[in-house]
Amino acid sequence: MSTATTPTAAEAELAVQARQAPVRSQGYWAGVFKRLRRDPVTIACAAILLLMLLAIVFAPLLAPHDPYQGSMIRRLRAIGTPNYLLGTDELGRDILTRLLYGGRLSWFMGIVPVAFAFVIGTTLGVTAGFMGGRVNMAIMRVTDVFYAFPSVLLAVAISGALGAGIFNAILSLTLVFVPQIIRVAESVTQGVRSLDFVDAARASGASGFTIVRVHVLGNVLGPIFVYATGLISVCMILSSGLSFLGLGTKPPEPEWGLMLNTLRTAIYVQPWVAVLPGACIFVTSICFNLLSDGLRQAMDVKG
Amino acid sequence: MILYLARRIVYAIPIALAVGFVCFMLVQIAPGDPINAIVPPDAPADVVEQVRRDYGLDKPLPVQFGLWLSKVVVGDLGRSLATGRPVWADLRSAIGNTLMLAFCASGLGFVLGCILGGLAGTFRGSAIDRGATGIAVAGVSVPHYWLGMVMVVIFSVQLNWLPAMGAGPGGSSDWGWDWEHIKHLVLPTITLSVIPMGIVTRTVRGIVAEIMNQEFITALRGKGMTRSGIFLHVVKNAAPNALAVMGLQLGYLMGGSILVETVFSWPGTGLLLNSAIFQRDLPVLQGTILVLAMFFVALNLLVDLVQTTLDPRIKRA
């Protein structure tokens, strides 16, 4: 309420006092971090993800070879070959280098669609949940339609129709996740809307936009965010899956799903080299999943 | 009750129509003229114009949708660009194979998930619980196409126990109930079952843990009921929800088996979709997606109806 009007002198003084006073009670986020610190699984996952992120960001410094430069005479070397630690692929390119570089696109395509869907889905879902009535009907009925497709099928359908390419893959994956986030955002918002402080804000003359900005968003963003972090794991599997089908990244660009696809022919020659990119997807995906579970528990989000 | 069921069925109709519209739009959003989805690119211009008029592609979009819909409801999904055969003819045998795989996988996933989830929910917080929850998280996080490749590496390449590809000996795509066919089914089924296994484990664990906390369980224990007696009570309470999850999983697997089918060259809808994408055969793509999506809509409806009928606690006006 106070943010809608200019703060009175008393309020300003209170704010100054609050800044100077030593922190007595724990804030919400301090509690969350305290709980997270006591959760070894979540910490381990966060550490693994951080290491991977650093590795792919600094890929040019870490990678021993050129990711595109192949050679016909050293094709499909085994794991542990000197100078080629994780072997080489069907075109003689160093696997370790390509895994490092490939992580960039795989992470990008695993996170960006969820981020887009988070922004779009939250906007639409909060609007639907807060406005109710016809707006709610319109948004939620359209959502129902996209919900009527299994997510893999929807992603494959849209990507398949639009054709291969990173942009199309991101577009189709965003479309897959928007309805899911809308549903969560709508139900959380409806829960908050009926609470007393929203009525109080409205009674004191706050506009709908102000109520959403000040009172609703702070309460709904946490649960939606936790839900979205859980989607990153799914998104990574799906986007790599699209590349695996030839619908995402195009060769020679390194990407884990596409590497898995091109190495599939090598499965009888160097089976353990061929499955390495998938192991990277698996580790990333399971870490994001466990991290999301840990966040959910630490932030005490239900559902 | 009957009113609710009737309303639920009526409510499914607009959803089905809208799903049809999305499938119709797939060809529209595809880059290039939709006419390219019907005639080969090297056709002469006058033939193209003729076909455009015959198919009504010169008419406004809503009219086109109506025309398309009137054909689809009588089972005319158009012809494949690659083979020239009716889409439905290829689709029919593919659906059988996909159904077969999806049924086996969701069945296996359901049984394993119920065992793991039941144990985890009963002994909450124990080592069994942690193990089962870990398996469940791994099950939903694993890229199943990769798991399929690992399976092939272990059981086909290294051990040479099971075939790596196809649905039957010599690349046959017709199913038969003999040992050779069953051997081909094993790896794809296990691979595809990890997703429903993970999800069912999580769900059943939650349901069972909630039921075990309820007072009537304490009351049953107090009056001296045996463990197996209590077990039956838990099963009866947990069954409707678990079955609903399992029903939906069957639908997800029907749509989601494309990646696993690609890995194992399983001659189902997924492989059909894959080759349609590869050859940009839009009628096949559209037809397959439409049928799979409709199947999912119908399954959703069925699950809802069965759940309402089975579970007297669900009272829906």
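Colleague: How are residues and chains labelled, and which pLDDT do local features need?
Modeller: Residues are numbered from 1 along each chain as its sequence is written, and chains are lettered from A in the order in which they are written. In this predicted model, side-chain atom pairs count only at pLDDT 80 or more, totals for chains, interfaces and linings use all residues, and local features need pLDDT of at least 70.

Colleague: What percentage of the residues of chain B count as buried?
Modeller: A residue is buried if 20 or more other C-beta atoms lie within 10 Å of its own, exposed if 12 or fewer, and partly exposed in between, with C-beta atoms placed from the backbone. The C-alpha trace of chain B spans about 85 × 60 × 30 Å along its principal axes. Of the 317 residues of chain B, the buried part is 38%.

Colleague: Is Ser265(B) buried, exposed or partly exposed?
Modeller: Ser265(B) sits in the loop between helix H10 (258–264) and helix H11 (269–278) of chain B. Its phi is positive, about 50°, although Ser265(B) is not a glycine. Most residues other than glycine have a negative phi. Ser265(B) has 17 C-beta neighbours inside 10 Å, so it counts as partly exposed.

Colleague: How many residues of chain B are in contact with chain A?
Modeller: Two residues are in contact if their C-beta atoms, placed from the backbone, lie within 7 Å. On the side of chain A, 35 residues take part, and on the side of chain B the number is 39.

Colleague: Which class has 24 residues on the side of chain A that touches chain B?
Modeller: The elements of chain A that give two or more residues to this side are helix H6 (133–147), helix H7 (151–162), helix H10 (208–244), helix H12 (271–274) and helix H13 (276–298). Ala, Val, Leu, Ile, Met, Phe, Trp, Tyr, Cys and Pro count as nonpolar, Asp, Glu, Lys and Arg as charged, and the others, Gly among them, as polar. Nine residues are polar and two are charged, while the class with 24 is nonpolar.

Colleague: Why are H5(A) and H13(A) called oblique to each other?
Modeller: Angles under 35 degrees count as roughly parallel, over 145 as roughly antiparallel, 65 to 115 as roughly perpendicular and the rest as oblique. Axes are lines fitted to C-alpha atoms, for helices over the stretch in contact, and angles run from 0 to 180 degrees between N-to-C directions. Helix H5 (residues 95–131) of chain A packs against H13(A) with axes 11 Å apart, at an angle of about 40°. The two helices are therefore oblique.

Colleague: Are H10(A) and H13(A) roughly parallel or roughly antiparallel?
Modeller: The axes of H10(A) and H13(A) are 8 Å apart, and their angle is about 170°. That makes the pair roughly antiparallel.

Colleague: How far apart are the end C-alpha atoms of residues 41–63 of chain A?
Modeller: The unreviewed UniProt entry gives the annotation "transmembrane region" to several stretches of chain A, including residues 41–63; such annotations may be inferred rather than shown by experiment. Over residues 41–63 the chain is 91% helix and 0% strand, and the distance between the end C-alpha atoms is 29 Å.

Methods. Helix = DSSP H or I, 4+ residues; strand = E, 2+ residues; numbered from the N terminus.
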